[in-house]
Amino acid sequence: MSNVTHDIVGKLWNLCNVLKDDGVTYHQYVTELTYLLFLKMAKETDTQDQLPKGYRWSDLEKLAAPDRLEFYKILLIHLGRNGSMLVKEIFANANSFLKKPATLSTLVTEIDKLDWYSARREGLGDLYEGLLEKNANEKKSGAGQYFTPRVLIDSMVALMKPELKDIIQDPAAGTGGFLITANHYLREHTNPDGWTEAQQKKYRRNTFYGMEHVQDTHRLALMNLMLHGIDSDPEAGGIHYGDTLSPEGEALPKASLILTNPPFGTKKGGGLPSRDDFTYPTSNKQFAFLQHIYRGLKPGGRAAVVLPDNVLFESNVGADIRRDLMEKCNLHTILRLPTGIFYAQGVKTNVLFFTRGEKDKSNTKEVWVYDLRANMPQYGKRTQLTREHFTEFEAAFGDDPLGGAKALAKRKDAGDQGRFRKFTREEIFTRGDSLDIAWLKDGSATDAQDLPEPALLAQEAMGELEAALDELRGILEELGEDVEEVEA
C-alpha cells in the first residue's frame, strides 16, 4: 500500500469516530461507507451511467444538510431496485444505520475533500482493500472471520499458479481476497495485451466464481471486485449471494482451481446442509465445505484450502471424509500454520493442498507435512505475520502446483529433516487416518497427538466451543452488540 493510499485509508477510517455518537458499529460503518464510496467513485471514474439519474453523488451533495438523510434513505431503497445489475446487487436490501442528519453531512463533506486524483492514480482497489483490512484488524468489528491474512493468500496463490485457462472458485468468498489475488497473479504472469479475443472473453465471463452467504459481506465483495477490474455481473461469473451448502452451491461450475478459507463451526440451528449430493451429511461446516471443494474440482484440478485442526483428527464422519478425500484426490501437502494469525486466537489452522485424480481411487500415496507452528512466535498485533515467514516453505513446496512426481522427488532429496516430513498412506492408516501429525518438540504449545485421550477429547471440545463462539461473534455483530463483553 502506497503512502498516499495509506493516508486516505487512515482518513476514511478515522471518520468512524464521527459515527460512534450515532450508535454505528465498525462493521456497519464499512457497509455505510461502501454505499457512499460507490456513489462517489462512480462520479470520479465516469461510470455514473449505471446509476439512475437523480440518484447520484451530486444529487446527494447539493441538498441542504437537514434534507440529505431523508433523501439518502430513499436513494438506498431506489438503487436496490433500479440501475445496473451490479448496482442492484450492491444496494440489495440496503438501509442506513445513520440517525442524525449532521452525521451524514460530515461523511459527505469529508469524503469529498479526499485527494481523489491521487486515489485514482494509486488504484481505488488498493484503497478499498486497505479499508477492509483495517476493519478486519479491529477486534470489535468481528470482521476478521471474513478476512484471511493477505500474506497467506499471496503465498497460497503463488504456489497454485493461476493460469488464464483456469476456472477459479472460492465457495466461501468473504470480501473476495482470493479471487482478487489470483487475478493479480494471472495478469502479472501473462501479457493481457497479447490475449486473443477468445481469451479476453473467457477471462471476463468464465474465470472467477464465488459465493458468499452474508449479504453485507457480499456487498463488500462486489465493490472490491469491481474496483480491482473483475467483472461482477452475476451472468459473467463473479461472486454470487447464496449458501454454498444449499442447492445454490451445486450450481457453481466445476473448477480447475479452488482457493478458499471456509467458515468454521456448525451450521446455525445445528441442522444439516440442504444439499443432497454430499456422501457424508454433517452439520460441521468445514467438513461440508471440504466435500464441496473436492467434489467441485475437475479431474486434474487443484485446491489450496485453510481448515482448522479438527478436520485433521476428528473421528467418525470426519475420518470418513478424510478417507474419501485421499481416495479421490492426491492430498500431497499439509501446512501447519502458526497460531494467532486469525481473529479467533485459539483456533489452530492448516492449509491443505490437493489435486483431484483422473479416477476416484487410491490417489494419495504419501502426504508431506510442513510444520510452521512448532517453536514459532504467537502472531498478532505485536508480531506481524509477513510473506518472508513462508519463504522456506514455498521453496520446499517446489514449482509444481499439482504436487506431482517431479516436485516430490526434490522433497525426497531434501530428506525427512527439519520442518518438512513425508508420511505414507500406510503410515496414516495406522494412525486411524488422522492427519494431525507433528514431530517437533514445541516449547510453546502441546500438540494433540502428545495428549492422553481425555485431554485430546477436551481439546476437541474446546475447538467446538471456539467455533461456536466465532459464530456468536458474528450474530452479535449483526445485532450491534459489544463482542468484547461476551468474550470476557
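Q: In this predicted model, how are α1 and α9 placed relative to each other: roughly parallel, roughly perpendicular, roughly antiparallel or oblique?
A: Angles under 35 degrees count as roughly parallel, over 145 as roughly antiparallel, 65 to 115 as roughly perpendicular and the rest as oblique. Helix α1 (residues 3–14) and helix α9 (residues 124–137) pack at about 50°, with their axes 9 Å apart. The two helices α1 and α9 are therefore oblique.

Q: Which residues of α9 make the contact with α1?
A: The crossing of these two helices is right-handed. On the α1 side, the contact is made by T5, I8, V9, L12 and W13. By class, the contact of α1 with α9 has 6 nonpolar, 3 polar and 2 charged residues. From α9 come D126, L127, G130, L131, K134 and N135.

Q: How many of the residues of helix α10 are buried?
A: Let's look at what lies around this helix, residues 150–160. Its buried residues are covered by elements including α9, α11, β4, β5, β7 and α18. Among the buried ones are R150, L152 and I153. In total, α10 is mostly covered, and the buried count is 9 of 11.

Q: Which strands are the edge strands of the open sheet of 9 strands?
A: The strand order is β3-β2-β1-β4-β5-β7-β6-β8-β9, with mixed pairing. An edge strand here pairs on one side only. That picks out β3 (238–241) and β9 (420–424).

Q: In β2, what is the bridge partner of D170?
A: Strand β1 (residues 168–170) and strand β2 (residues 208–212) run parallel, joined by 3 bridges. For D170, the partner in β2 is G210.

Conventions:
Residues are numbered from 1 along each chain as its sequence is written. This is a predicted model: local features need pLDDT of at least 70, side-chain atom pairs count only at pLDDT 80 or more; totals for chains, interfaces and linings use all residues. Side-chain values use heavy atoms; hydrogens and water are left out. Axes are lines fitted to C-alpha atoms, for helices over the stretch in contact, and angles run from 0 to 180 degrees between N-to-C directions. Helices (H or I, at least four residues) and strands (E, at least two) are DSSP runs, numbered from the N terminus. A crossing is left-handed if the near helix is turned anticlockwise from the far one by less than a right angle, and right-handed if clockwise. Contact means heavy atoms within 4.5 Å. Ala, Val, Leu, Ile, Met, Phe, Trp, Tyr, Cys and Pro count as nonpolar, Asp, Glu, Lys and Arg as charged, and the others, Gly among them, as polar. Buried means under 20% relative accessible area, exposed over 50%, partly exposed in between (1.4 Å probe, protein chains only). Two strands pair if DSSP finds at least two bridges between them.
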